[in-house]
Amino acid sequence: MQKREFVLDKDKELIKAVIDELPFLSRFEIEKILKNKDIKVNNLRVQSNLKLNSGDKITIFYYEREQKEWYTLVYADENILIVNKRAGIEVVSETERDLVHVLSQNYTNIIPVHRIDRNTEGLVIFAQNSTSEKELLSAFKTRKSIVKEYALLVHGRVDISKIKRTVYLKKMDNLSKVWISEVKTSGYEPISTEFSILEYRGDKTLMTARLITGKTHQIRAHIAYYGYPIVGDQKYGKDNEKQMHLTANYLAFNFPKQSPLKYLNSKTFEIIPTWI
């Protein structure tokens with residue numbers, strides 16, 4: 001069993017504080033640890049989420065997973081690495097408790113070129129040298145050489161005709177959240193997502209989403225704005241599901257002929273979401 005102690009530098013809810021300190025633990029795991037009374041606040045054991053104050057000391061006892069459980073290898077060569085990331089870990093964080101840190105135990109040169117949310121599972125690409133880093137960063141910036149799709153299950157029977165492909169997004173750093181508007185307003189940036197319906201499943205809809213732009217929480221906030229929050233998304237919807245039903249499940253490439261990564265154009269990568 002591991003032990004971690006830390007002192008809050010600002011007011012927070014207990015679960016949020018633990019998530020920030022130990023991002024490799026999921027909310028479900030933290031709730032289970034709480035239930036077992038394995039968290040102390042100012043040396044007193046607690047069993048429920050609390051509002052804490054700056055200066056409070058938190059002690060948490062937990063079992064840390066084996067590092068290899070955080071990902072499965074999908075593809076690797078001398079230029080790139082593609083892994084299937086498990087939900088519950090950041091790709092990059094300030095605490096080194098992230099996927100880059102985990103992968104560095106087995107690979108010598110891991111360079112992150114894009115991210116997916118901590119609670120989103122799926123395909124993540126890393127460069128393994130400066131040349132591929134440059135190519136991949138350019139590809140993600142222009143959105144011309146990489147096709148990236150997500151599978152998602154949302155609440156409600158989606159009327160696709162009501163969802164605008166391009167809307168506007170504003171990031172609210174103080175809330176760790178974004179807002180969506182159909183009208184361009186000061187501080188809002190345009191985003192584009194192509195949504196398609198795969199099938200209706202009772203009162204839910206199985207969909208795909210292709211990113212045209214790539215902003216924080218873009219898919220989650222975009223679809224929730226129209227009244228169809230993703231199942232398990234506690235930030236933009238509310239339900240009892242512990243796992244967010246959103247997976248970066250498909251990658252394909254279209255590098256130009258002069259690109260050193262053009263050999264990837266003949267490859268596609270696709271995974272099946274765990275929630276399916």
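**Exercise 1. Which residues does leucine 103 touch, not counting residues up to four places away in sequence?**

Before we start: this is a predicted model, where local features need pLDDT of at least 70, side-chain atom pairs count only at pLDDT 80 or more, and totals for chains, interfaces and linings use all residues. Residues are numbered from 1 along each chain as its sequence is written, and side-chain values use heavy atoms, with hydrogens and water left out.

*Solution.*
- Step 1: Look for contacts, meaning heavy atoms within 4.5 Å.
- Step 2: Leucine 103 touches Tyr71, Leu81, Val83, Ile110 and Phe126.
- Step 3: Now place Leu103 in its setting. The largest nonpolar core has 40 residues, and Leu103 is among those that touch the most other members, along with Phe126, Leu152, Ile219 and Ile223. Such a core is a set of buried Ala, Val, Leu, Ile, Met, Phe, Trp, Tyr and Cys residues joined through side-chain atoms within 4.5 Å. Buried means under 20% relative accessible area, exposed over 50%, and partly exposed in between (1.4 Å probe, protein chains only).

**Exercise 2. Find the aromatic pairs and describe the one between tyrosine 75 and phenylalanine 269.**

*Solution.*
- Step 1: Rings of Phe, Tyr and Trp (its six-membered ring) pair if their centres lie within 6.5 Å; planes under 30 degrees apart count as stacked, over 60 as edge-to-face and the rest as tilted.
- Step 2: That rule gives four aromatic pairs.
- Step 3: For tyrosine 75 and phenylalanine 269, the centres are 5.3 Å apart and the planes stand at 55°, so this pair is tilted.
- Step 4: Tyrosine 75 belongs to strand E7 (residues 71-76) and phenylalanine 269 to strand E17 (residues 268-270), 194 residues apart. Strands (E, at least two residues) and helices (H or I, at least four) are DSSP runs, numbered from the N terminus.
- Step 5: Phenylalanine 253 and phenylalanine 255 have ring centres 5.7 Å apart and planes at 15°, so they are stacked.
- Step 6: Put together, Tyr75, Phe253, Phe255 and Phe269 make one aromatic cluster.

**Exercise 3. Which side chain does arginine 210 meet in a salt bridge?**

*Solution.*
- Step 1: A salt bridge needs a side-chain nitrogen of Lys or Arg within 4 Å of a carboxyl oxygen of Asp or Glu. The structure holds twelve.
- Step 2: The partner of arginine 210 is glutamate 149, with the closest N and O atoms 2.4 Å apart.
- Step 3: Arginine 210 lies in strand E15 (residues 204-211) and glutamate 149 in strand E11 (residues 146-155), so the bridge ties together parts 61 residues apart in sequence.
- Step 4: Arginine 210 is partly exposed at 29% relative accessibility, while glutamate 149 is buried at 19%.
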